[in-house]
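Please prepare a short briefing on how this protein model is put together.

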Amino acid sequence: MLQDVYALTPATARLDPISRLPDRVQFAVDLEKLACQHPGQPRTLVLVDALDMAWAHGMTLAMGLAPFEDIIRCITSRLHEQLDGVAQVYHIGVKRFGFVLAATGDDFPAFIEGLVDSLRKPILLDSLPIRPTVRAGSVDFALNTEAVGDVLRKAMYAGELALRAGLRWAPFDPVRDAAYRRAFYLVADIAEALADGQLSLRFQPRFAIADGAQVSAEVLLRWQHPRLGAVSPAEFIPVLERNGMIHEVTRWVIDSALVRLAQWQGQTFGQLSINLSPMDFDGHDVSGTLRRLCHAHGIDPQRLEVEITEGEWLRSNPRVLGELAQIRALGIDVAIDDFGSGYSNFSYLHEIPANVVKLDQSMVTGIEGNPRYQKIARSILSLARELGYRTVAEGVETFRCLQMIREFGCDEAQGYFFAKPMDEGQFLAWSESGVFPLAQ
Ligand code: C2E
Ligand code: MG
Ligand code: MG
């Protein structure tokens, strides 16, 4: 099944000083040579990661560099044993080894798992049996079509997938790789987006169901990325949250919304509702930011609402509850967004200093044809009302849906049936015209 791909001339090879294996530079030279000899032919690169990064770091802190080098030498000799006559092994990085196979068949998974198992056998260091946390990643590629760096990157990403899944080995996954890289670039590009005006706000009006009056508008963020085009907040907000980059964005949204409110003084459309992320509360004084910015722009805090998604994070974090109480004390409304999705839980609702509940779209859109969701929506709305919350249904797309939530006693509604999120100009024109479908 497996064949030796190319033999190296040890006398001229660049060798790693610890393993005495040819190094990454030599790997690149050899791969290019091979690509000239067999252009377009398929190959598989396997990267073996001898130790988890955190574990290796902890071990060198505790035991010094010598045992680490012992492990590297031991793994090297095990690789020699296993791959003798099969493939040339390279020392690609500090603790990474690589080899190229010319043809892999159905027995490749069993081969690679067997290899990892053999490399994981305990190594005695200072009479301590150490089990190296070996993992591998592989990628199939065509010689000469891809740069060496990219092939290595893909094999490294495959190793990362193995680590995340707790597997011995994983193959490269182009779909996950594309998503990972896109998320990485979104994080890398956000500072420039803020500075270059790539972010903008949209406004989606909300109406009182009783008389059709526009009571507020939700502020929704948009990103026009120069390379990727329009990127949805449903994609980039979670990415920025995961990478601790949301604070700057939220501050920008609050500031920009308040600038608009200050410019629109005299308009009577009511409040602006701003979405906050759970991560905004992470070590940040959100209520202080809101207070300071309202003061700086001369805005009455009662013209603001913040929307937060209820969840485990909120209940288990007394500091966040304190922050929300302070936000309420400023006179800002606090709405629980997407209620009825995920872990929403009525028994904890009273602990959250909120005064508005927004029923999740999944309980609203298409409710006309779903008796089960009708029952759920009816119960949530009536319980929320009894507990003293103002209730909002979002995702209202049809008149029939509006009729239903009206029957269920909902106070306010938002959705495509009334208006989609609009840019500032459209929104102001729309609000001034006073044409609210409900009032007709
Ligand atoms: P959300 O806060 O629940 O906002 C409602 C979303 O539903 C918006 O999507 C809105 O455009 C969409 N929508 C409104 N009416 C309808 C309807 O009738 N049918 C359907 N199918 N959809 C409707 P959008 O603008 O793509 O935002 C998605 C999510 O991104 C928001 O959900 C919110 O969680 C987040 N987001 C948006 N802007 C911000 C922001 O400035 N800060 C933070 N932290 N999150 C934001
Ligand atoms: Mg919202
Ligand atoms: Mg929502």
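Helix α2 (residues 53–63) and helix α3 (residues 65–83) cross at roughly 130°, and their axes come within 7 Å. Helices (H or I, at least four residues) and strands (E, at least two) are DSSP runs, numbered from the N terminus. Axes are lines fitted to C-alpha atoms, for helices over the stretch in contact, and angles run from 0 to 180 degrees between N-to-C directions.

The model is predicted: local features need pLDDT of at least 70 and side-chain atom pairs count only at pLDDT 80 or more, while totals for chains, interfaces and linings use all residues. Residues are numbered from 1 along each chain as its sequence is written, and chains are lettered from A and ligands numbered from 1 in the order in which they are written.

**Contact of α2 and α3**
- α2 and α3 are therefore oblique to each other (angles under 35 degrees count as roughly parallel, over 145 as roughly antiparallel, 65 to 115 as roughly perpendicular and the rest as oblique).
- On the α2 side the contact is made by A56, M59, T60 and M63, and on the α3 side by L65, P67 and F68; residues are in contact if their C-beta atoms, placed from the backbone, lie within 7 Å.
- Six residues of this contact are nonpolar, one is polar and none is charged (Ala, Val, Leu, Ile, Met, Phe, Trp, Tyr, Cys and Pro count as nonpolar, Asp, Glu, Lys and Arg as charged, and the others, Gly among them, as polar).

**Sheet and its helices**
- An open sheet of mixed pairing holds five strands in the order β2-β3-β1-β6-β7; two strands pair if DSSP finds at least two bridges between them.
- β2 (90–93) and β7 (169–171) are the edge strands, each pairing on one side only.
- On average, neighbouring strands of the sheet are turned by 30° against each other, direction ignored.
- β6 (residues 135–142) pairs with β7 in the parallel sense over three bridges, and G137 stands opposite A170 in β7.
- Helix α4 (residues 108–119) lies across β1 (42–49), β6 and β7, and runs at about 145° to β6.
- Helix α5 (residues 148–165) packs on the sheet, where it touches β1, β2, β3 (96–101), β6 and β7.

**Domains**
- The domain assignment, automatic or from a database, gives domain 1 (24–172) and domain 2 (183–433).
- Taken over C-alpha atoms, the centres of domain 1 and domain 2 are separated by 48 Å.

**Around ligand 1**
- L221, P233, N275, G415 and Y416 come nearest of the 24 residues around ligand 1 (C-beta atom, placed from the backbone, within 6 Å).
- β9 (214–225), α7 (233–242) and β13 (333–339) each give two or more residues to this shell, and α7 gives the largest share, three residues.
- The shell divides into ten nonpolar, nine polar and five charged residues.

Note on methods
Two residues are in contact if their C-beta atoms, placed from the backbone, lie within 7 Å.
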